[in-house]
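Student: I have a new structure to look at. Can you show me how to read its side-chain contacts?
Tutor: Gladly; let us look at it together.

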Amino acid sequence: MLYQIVDGTVSLGGMPVLSHVNFEIRGAEKIAVVGRNGAGKTTLLKLLAGELDLDRDDKRGGDGVIRSRALTVGMLSQQPLPQGEQTVEEMLLTFCPCGDMYDRERFQYEQEYDRLFTGFGFRKADKKKRLAEFSGGEQTKIAFIRLLLMKPDILLLDEPTNHLDLETVQWLEEYLRRYEHAVVMVSHDRFFLDQTAEVVYEVSGKHLEKYVGNYTDYRREKCRRIASARRAYERQQEEISRLEADIERFRHKPTKAAFVRAKRSQIARMERKGKPEVDDVRLFTGALDPAVPGSKWVYTAEHMKLGYDRVLLECSLRIRRGQKIGLIGKNGVGKSTFLKTVAGLLEPMAGESFLGNHITIGYFDQHAAEIQSDQSVLEHFHDLFPALTEKEARSILGAYLFGGKEAGRRVSDLSGGEKARLVLAELLQSRPNFLVLDEPTNHMDIQAKETLESAFQAYTGTILFVSHDRYFVAHVAESILIFEEQGMMYYPFGYKHYLQKSRQADMGESLSARVRAEDAALLEGIRAVPRAERRFLREPSSEEAYVDWKLRLACEKLVLAGERYGALEAECQYSEQVFSELDEAWESWHACCLEWWEIYAEISDCKDA
């Protein structure tokens, strides 16, 4: 055990913020601290940093903190940068443990700060610049680098991804996973916590609850614990009701006095279970179906050129009914322009762009959430959907976290994130079959984001969206469109799979090898699909037989293309001459995948008919 807090209480201004909490750090654990704003997360970090002390407790014995040895603790907010003419290099070298310029330890230290400096997005030449020449955000990065170079036994991070771009955040995730000491971090970036955390402590109601695993594991286990506690509470209430009914039935019968006393004693001896907490997140368990299914092909673009005064990119694609596609890429490469063009708000500069038959669009961007109204949330929502009763409207609003008093708030008094949530609730209630969303969860807290994630997962229509929230992308998008300066690439697997392949590419694997033949099992439809069991036998129609025959031929081509790609990929480990052939093989395999999918779609439509 590296560090331990035993039955500790922290009070500020005479009011307890953390009450009788237990906390421990083992070895080089990576620990995330989560909870609502104001719950006490930063208080816990300050306690670990030594800025706060535990309240005195005569019953506890000792100061309540146990350390295995003398520990160094580093926290970013504790490290203000010096002012003056000092350069970054001079400042960083003052922390070098070895003064000899030619010592190996000095060489390794300089290699490390070079790696950190470039990892945070700086150029090596920037080391010669004075600290005063950097912006506030860049100075925060430099302070972060200095803290990492100190390599404290316990590294404390409060919102470490603030001021960092996506590439730097991904680099930091990899660095922290390999960091040789313990890390305790507070962050609203759930994907960051998923990639780095091994243990999660939730701060709630002045207490700490420990969960093993990353953020997703914590959410899954918390839901399980709440459900288990609710079942135990309901069983106990049923038992108490049964005993009280027996007491009421026999309490006026003198011959049953002993029986009644026994039942009362049984109730008194029960260890009463408290009413279980209600999870802040509302999960949608049923499907949210569009009012009209719409055609099989929702949107088609042929050699479409996007842009305003100049062409940003050219693309050709088709979006099939039911697909949920996330758009990723750097700012300025055309993601929002693409969404506006798909939604019909912007005409393409050239090429074709058209929607399928009976397609109804629900479009959202940040301007859509700029609503002003003196009406209450309930009145505003009910006016949009007058066919609903007040009870139905309240029930729907409650599912989007506007329950109780929240439904009575004035619309104009809502925050930006709350207005966005209200508009998205209206969009989903109107049941379009094609949602086009530009940053739908900006400025929302985690509870609101996870509620909407659940709603979009339950939605059975088509979604095309842009979001900088990687956790949202990973849990909603089933495939992604990657926007790069040279164009747009469709990636048929999820975001996590894409990241895994990108890391392999960074480690020397060809980027075109991100999609392997064996990954076909992850793509819906690119696998052997057995015929459904039939309640009665019948002969297949000639049309079914024809498309089945086409499917078998396409599958044979797919297998051959996959085998050729796999063989060339194996040769790449021994020869650099086959890289061009590998790219060609990948393109061939990908084309076979799409051909197979088209034929399988025909079969599905035939069977549905």
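Student: Is E221 buried or exposed, or something in between?
Tutor: This is a predicted model, so keep in mind that every value is computed from it. Buried means under 20% relative accessible area, and exposed means over 50%. E221 has 23% relative accessibility, so E221 counts as partly exposed.

Student: Which residue does E221 form a salt bridge with?
Tutor: Start with the general idea. Side chains of opposite charge can pair when their charged atoms come close. Here the partner is R224, and the closest N and O atoms are 2.6 Å apart. R224 is partly exposed too, at 46% relative accessible area.

Student: Where do E221 and R224 lie in the chain?
Tutor: Both are in helix α7. They are three residues apart, so about one helical turn separates them.

Student: Which other pair in helix α7 is three residues apart?
Tutor: Look at E239 and R242, again about one turn of the helix apart. Their side chains meet in a salt bridge, 2.6 Å from N to O. E239 is partly exposed, with 25% relative accessibility. R242 is partly exposed as well, at 39%.

Student: Which salt bridge links distant parts of the chain?
Tutor: Take R225 and E209, whose closest N and O atoms are 2.8 Å apart. R225 sits in helix α7, residues 215-250. E209 sits in strand β9, residues 207-212. R225 is partly exposed at 28% relative accessibility. E209 is partly exposed at 38%.

Student: How many salt bridges are there in the whole structure?
Tutor: The search finds 35.

Student: Now the rings. How many aromatic pairs does the count come to?
Tutor: The count is 20 aromatic pairs. To read one, check the distance between ring centres and the angle between planes. Y215 and Y471 are 5.6 Å apart, centre to centre, with 90° between the planes. An angle over 60 degrees counts as edge-to-face, and this pair is edge-to-face.

Student: Where do Y215 and Y471 lie?
Tutor: Y215 is in helix α7, while Y471 is in helix α14, residues 470-476. They are 256 residues apart, so the pair links distant parts of the chain. Both Y215 and Y471 are buried.

Student: What is the arrangement of Y495 and Y498?
Tutor: That pair is tilted. The centres are 6.3 Å apart, and the planes make an angle of 35°. Both residues belong to helix α15, residues 495-506. They are three residues apart, which means about one helical turn between them. Y495 is buried at 3% relative accessibility. Y498 is buried too, with a relative accessible area of 12%.

Student: Which residues do ring pairs link into a cluster?
Tutor: Find F120, F144, W171, Y175 and Y179.

Student: Which residue lies over the face of W297?
Tutor: For this feature, check the distance from the charge to the ring centre. R318 lies over the face of W297, at 4.0 Å from the ring centre. K129 lies over the face of F134, where the distance to the ring centre is 4.7 Å.

Note on methods. Residues numbered from 1 in each chain as written. Predicted model: local features only at pLDDT ≥ 70, side-chain atom pairs only at ≥ 80, totals over all residues. Heavy atoms only, no water. Salt bridge = Lys/Arg side-chain N within 4 Å of Asp/Glu carboxyl O. Helix = DSSP H or I, 4+ residues; strand = E, 2+ residues; numbered from the N terminus. Buried < 20%, exposed > 50% of the residue type's maximum accessible area, 1.4 Å probe, protein only. Phe/Tyr/Trp six-rings, centres within 6.5 Å; stacked < 30°, edge-to-face > 60°. Lys NZ or Arg CZ within 6 Å of the ring centre and 35° of its normal.
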